[in-house]
Amino acid sequence: MAACAKGLEKCVFSLRLLRNLRLQNERFISTSLCRLAPAYNSEEPPKFTPPPKPVIIDKTQTVASLRKFLSPEFIPPRQRTDPFKFSIERKDMIRRRKVLNIPEFYAGSILAVTMADPNASGKINRFVGICIQRTGKGLGATCVLRNIIDGQGVEICYELYSPRIQKIDVLKLEKRLDDNLMYLRDALNEYSSVDPDMKPVPFSPTGEVPFNKMKVRMRPKPWSKRWERPKFNIQGIRFDLSLTPEKMEHAQKWAQPWLEYDMLKEYDTSKLEEQILSEVQQEMSK
């Protein structure tokens, strides 16, 4: 029994020794491979690249128009003036537009203008109305908003580049049959009434501007101007409901058909508009 026990102990000892040698060989091979790996791989290990920053999209902001639209005040009038003066004005206008967003709108669009007013409570005045006129060139560009408040017509003329204007919102973008809607002063009040709490109407930034072909009904005469005369070329009034055919025929006596063939009255501004539009886009992108 003693001899068997000694033989068993020798076998166990020899097995433990072989196991320890095997583990040492495995560790030596693994460390040698790790040291030789950079020698076989000629390429450098990839550098650490941090993950991209998350893009935060503010869905409350209105979508900017993607149409090629140049505000009419950028086009200088045709007269003997110094072009250097208009280039200086354009720089000031672009500098102001970087602070104040002046959106695309036309006569007939419904706007909401927020303006700093020292005489109002809170020193901020917000007026909602329909744009009936947009005139002026350069820094003197203006727009007139009209609304009916307590049965009385109220009009406010805003200077678009005034430092007192804080925000201009387009609640409804559309065009009318005429570029000047000053005849709404003599029309029924329902055509100038706008809800002060009106919510913005969504529009497509790439499609065509909605066109409103509505014709208004006028109040009985007298009017502020003789809108039936051909020199105004009004298309948005129902004259058949206000004037007799004899009066409409009498108004044609003041027609000036030769002005249609006057080539010096207006001039082609397509190339000038493209040049100014590219200049404005470059400056706004800086």
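In the predicted model, Asp150 has a relative accessibility of 82% and is therefore classed as exposed. The residue occupies the loop between E3 and strand E4 (152-159). Most residues other than glycine have a negative phi, and most peptide bonds are trans. Asn233 likewise has a positive phi near 55° and is not a glycine; this residue is placed in the loop between E5 and H3. The peptide bond from Lys221 to Pro222 is cis, with omega near 10°. Pro222 belongs to the loop between E5 and H3.

The protein contains four helices and five strands. Along the sequence these elements follow the pattern α-α-β-β-β-β-β-α-α. Of the 286 residues in the protein, 31% are buried. The exposed surface comes to about 21400 Å², and carbon and sulfur atoms supply 56% of it. Among contacts between residues at least 6 apart in sequence, 66% join residues at least 24 apart.

The largest nonpolar core has 28 residues, and those with the most contacts inside it are Phe74, Phe105, Tyr158 and Leu160. Two or more residues of this core come from each of helix H2 (83-97), strand E1 (110-116), strand E2 (124-135), strand E3 (142-149), E5 and helix H4 (270-285). Another core, of 24 residues, lies apart from it and includes Leu171, Leu184, Val216 and Ile234.

With neighbours within four places in sequence left aside, Phe105 is in contact with Phe69, Leu111, Cys131, Arg134, Cys143, Leu160, Val170 and Leu173. One of these residues, Arg134, lies over the face of Phe105, at 4.0 Å from the ring centre. The side chain of Arg134 also makes a polar contact of 3.2 Å with that of Glu73.

Glu73 is located in the loop between H1 and H2. Its relative accessibility is 3%, so Glu73 counts as buried, the limit being under 20%. Beyond its neighbours within four places in sequence, Glu73 contacts Met93, Arg97, Arg134, Gly136, Lys137, Gly138, Ala141, Leu160 and Tyr161. Glu73 and Thr135 are 62 residues apart along the chain, and their C-alpha atoms are separated by 7.7 Å.

A search of the whole structure finds three aromatic pairs. In one of them, the ring centres of Phe69 and Tyr106 are 5.4 Å apart and the planes stand at 70°, so the pair is edge-to-face. This pair links distant parts of the chain, with Phe69 in the loop between helix H1 (2-40) and H2 and Tyr106, 37 residues apart from it, in the loop between H2 and E1. Phe69 is partly exposed because its relative accessibility is 23%, whereas Tyr106, at 18%, counts as buried. The two values fall on either side of the 20% limit for a buried residue. The ring of Tyr106 also has the charged end of Lys175 over it, 4.6 Å from its centre.

The rings of Tyr183 and Trp227 have their centres 6.2 Å apart and their planes at 75°, so this pair is also edge-to-face. Tyr183 and Trp227 are each in the loop between E5 and H3, 44 residues apart, and the pair links distant parts of the chain. Both Tyr183 and Trp227 are buried. Together with Phe232, they form one aromatic cluster.

Ser192 lies in the loop between strand E5 (165-172) and helix H3 (245-251). With a relative accessible area of 1%, Ser192 is buried, because the class requires a value under 20%. A polar contact of 3.3 Å joins its side chain to that of Arg146. Not counting residues up to four places away in sequence, Ser192 touches Ile130, Arg146, Asn147, Ile148 and Leu184. Leu184 is also among the residues of the 24-residue core.

Technical notes. Residues are numbered from 1 along each chain as its sequence is written. This is a predicted model: local features need pLDDT of at least 70, side-chain atom pairs count only at pLDDT 80 or more; totals for chains, interfaces and linings use all residues. Side-chain values use heavy atoms; hydrogens and water are left out. Buried means under 20% relative accessible area, exposed over 50%, partly exposed in between (1.4 Å probe, protein chains only). Contact means heavy atoms within 4.5 Å. Accessible areas come from the Shrake-Rupley method with a 1.4 Å probe; for residues, only the protein chains shown count as cover. A polar contact is a pair of N or O atoms within 3.5 Å; within protein, one must be able to donate a hydrogen and the other to accept it, and residues adjacent in sequence count only if both atoms are side-chain atoms. A nonpolar core is a set of buried Ala, Val, Leu, Ile, Met, Phe, Trp, Tyr and Cys residues joined through side-chain atoms within 4.5 Å. Rings of Phe, Tyr and Trp (its six-membered ring) pair if their centres lie within 6.5 Å; planes under 30 degrees apart count as stacked, over 60 as edge-to-face and the rest as tilted. A charge sits over a ring if NZ of Lys or CZ of Arg is within 6 Å of the ring centre and within 35 degrees of the ring normal.
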